[in-house]
Amino acid sequence: MQKKPFFILHFAEFLLAFLLILSSAMMSFSSGGFILNFKQIGFNVFSAAQNGINVVTSSIKNSFNAVKELAELRKQYDILTEKLKDYEYMQRTNSDIRKENARLKEQLDFAQSLAVKNYPANIISRGADNLYSTIVLNKGSRNGVRKNMPVIAIQNGSIGIVGKVITVGYTTAQVMPVFDYDCAISARVQNTRDIGLVTGNGSDSLPLKMGYIKKRVIDTLHFGDVIVTSGENENYPADIPIGTISHIKVLDYDTSLAIELEPIIDFSRLEHVLIIDQKSPNDNLAEKEGEEKK
C-alpha cells in the first residue's frame, strides 16, 4: 500500500495558515490598527528609557549631593571640635584662675592676721645640687626684705616653715630652704614640748632629720606628731609647723633618738610665700582692728 506524502500535507496546512495571517495583517493595515500599536509600543519604549535615564541621573545627582553634604558636615564637625577644644581650654583656664585666686586669698587672709609685718612673694626660680639649694623670690631690699628674715607659707590650709633669707638683691632674694644641708632650726615636739634640732638632707624629696631628743621620751612620741619651731634665738617665730614624725630609730651608740620628719610644705608645689619681719608690727592688722572697733 502506497503512503501519502507527509511533506505535501504539512505544506498545505502551512500555506493555509500563512494566507490567513497575511489576510489578517492586510486588514489591520487597512484599518490603521498596526500604526496605533507601533505608536503605543514606541511611547512605552521611550518612557521606559526616559525613566531609566531619570533614575540614573537622580542617583548620580543624589551621590554628588551626598558627597557635598558629607564634606559640609565634616567641615562643621571640625569647626565644632575646635570650638569644643577652646571651650575645654577656657574651662581649665577658669578653673586654674579660681584655684589661684583661692590660694592668694588664703595667703592674703593669713598675712593680714599675722601680728608682724610680712611681704608676700612669689618663687621665680630654684637652684639645687648636692651641696647647695636655693629658692629665689621676686622681692628684695626695695620692698624691705633683709638678710636672715624667716620665710613661711600656707599650703592647703596648713602653715609651714620654708626657710630663711640668705642673700638680698634690690628686687630679688635668695632663700635657704629647710631641706638644705646647712639649715638648722631649733624645734619642739608640739605635744610634749621636748626640744631638739631639725636639719635638712639636701633634697626636698628626702625627709628632714631631728636630733637631740632623748631616748627616755620615746614612749610619748607617735607617728604623725607635729614638730614646730621653738622660737629661741629669734631666728623663726615660735610654734610654726616644720614637719610631722614619719620614722623613729633607736641607735645603740647614741643617747638621742634619730627621728625623721615629713615636711609640712610640699616644696614641689610651692609657689607663694611670706617673708616675715619679726621686728616690725603688722600695720594692716592694726588698721583692721581699728576698723572693727569703730
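## A tour of the six-stranded barrel

Select strands β6, β7, β8, β11, β10 and β9: in that order they form a closed barrel of six strands with antiparallel pairing. From one strand to the next, the twist averages 40° (axes are lines fitted to C-alpha atoms, and angles run from 0 to 180 degrees between N-to-C directions). Strands here are DSSP runs of E of at least two residues, helices are runs of H or I of at least four, and both are numbered from the N terminus. Two strands pair if DSSP finds at least two bridges between them.

This is a predicted model, in which local features need pLDDT of at least 70 and side-chain atom pairs count only at pLDDT 80 or more, while totals for chains, interfaces and linings use all residues. Residues are numbered from 1 along each chain as its sequence is written, and side-chain values use heavy atoms, with hydrogens and water left out.

**Colour by confidence.** pLDDT is the predictor's confidence in each residue, from 0 to 100. The protein averages 79, and 66% of the residues score at least 70. Strand β9 (residues 226-229) has the highest mean, 97, and helix α1 (residues 6-31) the lowest, 56. Where pLDDT is low, the predicted coordinates should not be read in detail.

Start with β6 (residues 184-189), which five bridges join to antiparallel β7 (residues 195-199). Select A187 and its bridge partner in β7, G196. Next, three bridges join β7 to β8, again antiparallel; here V198 is partnered with M210 of β8. Five bridges then link β8 to β11 (residues 256-263), also antiparallel, and K209 has E260 as its partner in β11.

**Stop at N201.** N201 sits in the loop between β7 and β8 (208-214). Its relative accessible area is 18%, so N201 is buried (buried means under 20%, exposed over 50%, partly exposed in between, with a 1.4 Å probe and protein chains only). A polar atom of the N201 side chain lies 2.5 Å from the backbone oxygen of P207. Beyond neighbours within four places in sequence, N201 is in contact (heavy atoms within 4.5 Å) with F179, Y181, L206, P207, L208 and K209.

**Finish in the core.** The largest nonpolar core has 47 residues, and M210, I259 and I275 have the most contacts inside it. Such a core is a set of buried Ala, Val, Leu, Ile, Met, Phe, Trp, Tyr and Cys residues joined through side-chain atoms within 4.5 Å.

Notes: Polar contact = N/O pair within 3.5 Å; in protein donor to acceptor, adjacent residues only side chain to side chain.
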